[in-house]
Amino acid sequence: MDRYARWNALLEMLTDSGRVSVEEAAGRLDVSQATIRRDFDQLAQQQMITRTRGGAVANGVSYDLPLRYKTAKHSAEKQRIGTAAAALVTPGTVVGLNGGTTSTEVARALAVRPDLNTNAEGAQLTVVTNALNIANELLVRSRMKVVVAGGVVRPKSFELVGPLGGALLREVTLDIALLGVDAIDPQLGAAAHHEGEAAMNNLMVARAKRVVIIADSSKLGGHAFARICPVDRVETLVTDSGASPAVVQAFRDAGVHVICA
């Protein structure tokens, strides 16, 4: 296990329990206690955790880990979701795409579709995003037109938030918005942990003809701080095959088309 995989695992342990000892972490990850001490020290330097005598505690931000530490969680499911969501996009359309690990997989799937990567008149795809990492994914791997909303960067998600980006989003029309979320519930709708991200996503919803929520099964039925949109604004939910049949049916009863990848 490399360093970043260990860090991801340690942060997830702290998210689950709030406190982890060096001895416990070393046993669970099958590495030396000296390695765990170094990992804890480095994570503490980045203000991701708080060191204690003999271990570490969560410092209040573990519910919203930086994107670079999230990539390993539910990765196979997110790749399948990304491919299924990208299949909903047709050439020549305008796509809204927010940030997050699942949205990144959508961007990667879009970037390798040959029918979307052409300069032929009327066939070029336009992607509007407020996520710097997704803009980079598309710019280096495709010939799409990429429009980036302005704003202040959130280091945890690489997303741009605030009134600068909102001004741009209010002036465009999206054929389809593909939005990653922190939670989606059949009654409460889609939501995000951070109110700034939720506000930007809400603007994409308002400017989109079709709204597609992309979320692995761990996000279904969950709650988050700031609402993005009500469930009746969601046309399609793309999730993974691990979703509970009862939860899937609840979304279908609410009028949402559900795709289990």
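Buried means under 20% relative accessible area, exposed means over 50%, and partly exposed lies in between, with a 1.4 Å probe and protein chains only. By that scale aspartate 115, at 35% relative accessibility, counts as partly exposed.

This is a predicted model, in which local features need pLDDT of at least 70, side-chain atom pairs count only at pLDDT 80 or more, and totals for chains, interfaces and linings use all residues. Residues are numbered from 1 along each chain as its sequence is written, and side-chain values use heavy atoms, with hydrogens and water left out.

**Domains**

- The protein is divided into domain 1 (3-63) and domain 2 (75-260). These bounds come from an automatic or database domain assignment.
- The centres of domain 1 and domain 2, taken over C-alpha atoms, are 31 Å apart.

**Nonpolar cores**

- A nonpolar core is a set of buried Ala, Val, Leu, Ile, Met, Phe, Trp, Tyr and Cys residues joined through side-chain atoms within 4.5 Å.
- The largest such core has 32 residues. Ile184, Ile213, Ile228, Leu237 and Phe251 touch the most other members.
- At least two residues of this core come from each of β9 (174-180), β11 (189-192), α8 (195-207), β12 (208-214), β13 (226-229) and α9 (245-253). Helices here are DSSP runs of H or I with at least four residues, strands are runs of E with at least two, and both are numbered from the N terminus.
- Helix α8 gives the most to this core, with five residues.
- In soluble globular proteins, nonpolar side chains tend to be buried together.
- Isoleucine 213 has contacts that include Leu179, Val181, Ile184 and Ala190. Val234, Thr236, Leu237 and Val238 also touch isoleucine 213, leaving aside residues up to four places away in sequence. Contact means heavy atoms within 4.5 Å.

**A surface patch and its neighbours**

- Leu132, Val148 and Val153 make a nonpolar surface patch of about 210 Å². Patches use residues with over 30% relative accessible area and no salt bridge; like charges are joined within 9 Å, and nonpolar side chains (Val, Leu, Ile, Met, Phe, Trp, Tyr) within 5 Å. Accessible areas come from the Shrake-Rupley method with a 1.4 Å probe, and for residues only the protein chains shown count as cover.
- Valine 153 lies in strand β7 (residues 152-154). Valine 153 is partly exposed, at 38% relative accessible area.
- Leucine 132 sits in helix α6 (residues 132-141). Leucine 132 is also partly exposed, at 40%.
- Valine 153 and leucine 132 are 21 residues apart in sequence, and their C-alpha atoms are 8.4 Å apart in space.
- Valine 153 touches Leu132, Phe158, Glu159 and Leu160, not counting residues up to four places away in sequence.
- Glutamate 197 is found in helix α8 and is buried, with a relative accessible area of 8%. Its contacts are Arg154, Ser157, Glu159 and Val161, not counting residues up to four places away in sequence.

**Salt bridges**

- The structure holds nine salt bridges. A salt bridge is a side-chain nitrogen of Lys or Arg within 4 Å of a carboxyl oxygen of Asp or Glu.
- Glutamate 105 and arginine 108 meet in one, at 3.1 Å from N to O. They are three residues apart in helix α5 (residues 101-111), so about one helical turn separates them.
- Glutamate 105 is buried, at 16%, whereas arginine 108 is partly exposed, at 32%.
- Glu105, Arg108 and Glu137 are linked in a network of salt bridges.
- Aspartate 115 pairs with arginine 113, the closest N and O atoms being 2.7 Å apart. Arginine 113 is buried, at 18%.
- Lysine 209 forms a salt bridge with aspartate 175, with the closest N and O atoms 3.3 Å apart. This pair links distant parts of the chain, from strand β12 to strand β9, 34 residues apart.
- Lysine 209 is exposed, at 60%, while aspartate 175 is partly exposed, at 22%.

**Positive phi values**

- Most residues other than glycine have a negative phi.
- Aspartate 30 has a positive phi, near 60°. Aspartate 30 is in the loop between α2 (22-29) and α3 (33-45) and is exposed, at 71%.
- Phenylalanine 158 has a positive phi, near 65°. Phenylalanine 158 is in the loop between β7 and β8 (159-161) and is partly exposed, at 28%.
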